[in-house]
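Please keep the sequence and the structure in view while reading.

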Amino acid sequence: VQLQAFGGGLVQPGGSLRLSCAASIRTFTYRMGWFRQAPGKDREFVATISKNFAPYYADSVKGRFTVSRDNAENTVYLQMNSLKPEDTAVYYCAATASLGLVTATERYAYWGQGTLVTVSS
């Protein structure tokens with residue numbers, strides 16, 4: 001199982017980025033998640049989307065980020081708008097076969113390598 005996240009980069013505060021996560025698995029059988037890890041901090045939950053396309057977000061990104069999935073392409077997306085300097089982190093996509101709403105990192109069995117997002121002027 002391989003997940004590859006890409007689309008990160010340097011963006012000014014208030015700007016937007018769209019992250020993609022390409023998977024070697026049939027994503028329609030998994031709940032997919034996005035996490036991030038800032039320097040010196042623990043990895044934290046950002047967003048998740050169920051097999052039935054139901055999204056759920058961390059409070060810190062609600063209203064600014066949108067998670068979506070294209071099961072035909074085995075790809076998951078994270079559209080990030082109104083970016084803030086505190087959004088700076090390495091962003092990871094992950095997959096879990098666990099049922100129900102899952103936001104804990106340890107419940108996700110498969111992880112991509114991460115893509116760096118830097119929000120700075």
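**Overall chain**

The model is predicted. The chain contains 11 strands and 0 helices, and from the N terminus on its elements run β-β-β-β-β-β-β-β-β-β-β. Its radius of gyration is 13 Å, close to the 14 Å given by the globule rule for 121 residues, so the chain is as compact as a globular protein of that length. Along the principal axes, the C-alpha trace spans about 40 × 25 × 25 Å.

Of the 121 residues, 45% count as buried. The chain exposes about 6200 Å², and carbon and sulfur atoms supply 47% of that area. Among contacts between residues at least 6 apart in sequence, 57% join residues at least 24 apart.

Strands of a sheet pair through backbone hydrogen bonds, either parallel or antiparallel. In this model, 4 strands form an open sheet in the order 1-3-8-7, and their pairing is antiparallel. Which strands stand at the edges of this sheet? They are strand 1 (3–6) and strand 7 (65–70); each has a single partner strand, so one side of each is left without a neighbour in the sheet. On average, and with direction ignored, neighbouring strands of the sheet are turned by 15 degrees against each other.

The partner of strand 1 is strand 3 (residues 17–23), and the two pair in the antiparallel sense over 4 bridges. Within this pairing, Leu3 stands opposite Ala23 in strand 3, and Phe6 stands opposite Ser20 in strand 3.

**Aromatic side chains**

The chain has 7 aromatic pairs. Two of them are set out here.

| Pair | Distance between ring centres | Angle between planes | Geometry |
|---|---|---|---|
| Phe35 and Phe45 | 5.8 Å | 75 degrees | edge-to-face |
| Tyr92 and Trp111 | 6.4 Å | 75 degrees | edge-to-face |

Why does the pair of Phe35 and Phe45 count as edge-to-face? Planes over 60 degrees apart fall in that class, and the planes of Phe35 and Phe45 stand at 75 degrees, so the pair belongs there. The pair links distant parts of the chain, with Phe35 in strand 4 (residues 31–37) and Phe45 in strand 5 (residues 44–49), 10 residues apart. Phe35 is buried, with a relative accessible area of 0%. Phe45 also counts as buried, at 14% relative accessibility.

In the pair of Tyr92 and Trp111, the planes are likewise 75 degrees apart. Tyr92 lies in strand 9 (residues 89–96) and Trp111 in strand 10 (residues 110–111), so this pair ties together parts that are 19 residues apart in sequence. Is Tyr92 buried or exposed? Tyr92 has a relative accessible area of 13%, and residues under 20% count as buried, so Tyr92 is buried. Trp111, at 27% relative accessibility, counts as partly exposed.

The residues of both tabulated pairs also belong to one aromatic cluster, which is formed by Phe35, Phe45, Tyr56, Tyr92, Tyr108 and Trp111.

Conventions:
Residues numbered from 1 in each chain as written. Predicted model: local features only at pLDDT ≥ 70, side-chain atom pairs only at ≥ 80, totals over all residues. Heavy atoms only, no water. Pairing = 2+ DSSP bridges. Axes fitted to C-alpha atoms, helices over the stretch in contact; angles between N-to-C directions. Rg over C-alpha atoms; globule rule 2.2 N^0.38 Å. Buried < 20%, exposed > 50% of the residue type's maximum accessible area, 1.4 Å probe, protein only. Contact = heavy atoms within 4.5 Å. Areas by Shrake-Rupley, 256 points an atom, 1.4 Å probe, with all protein chains shown as cover. Phe/Tyr/Trp six-rings, centres within 6.5 Å; stacked < 30°, edge-to-face > 60°.
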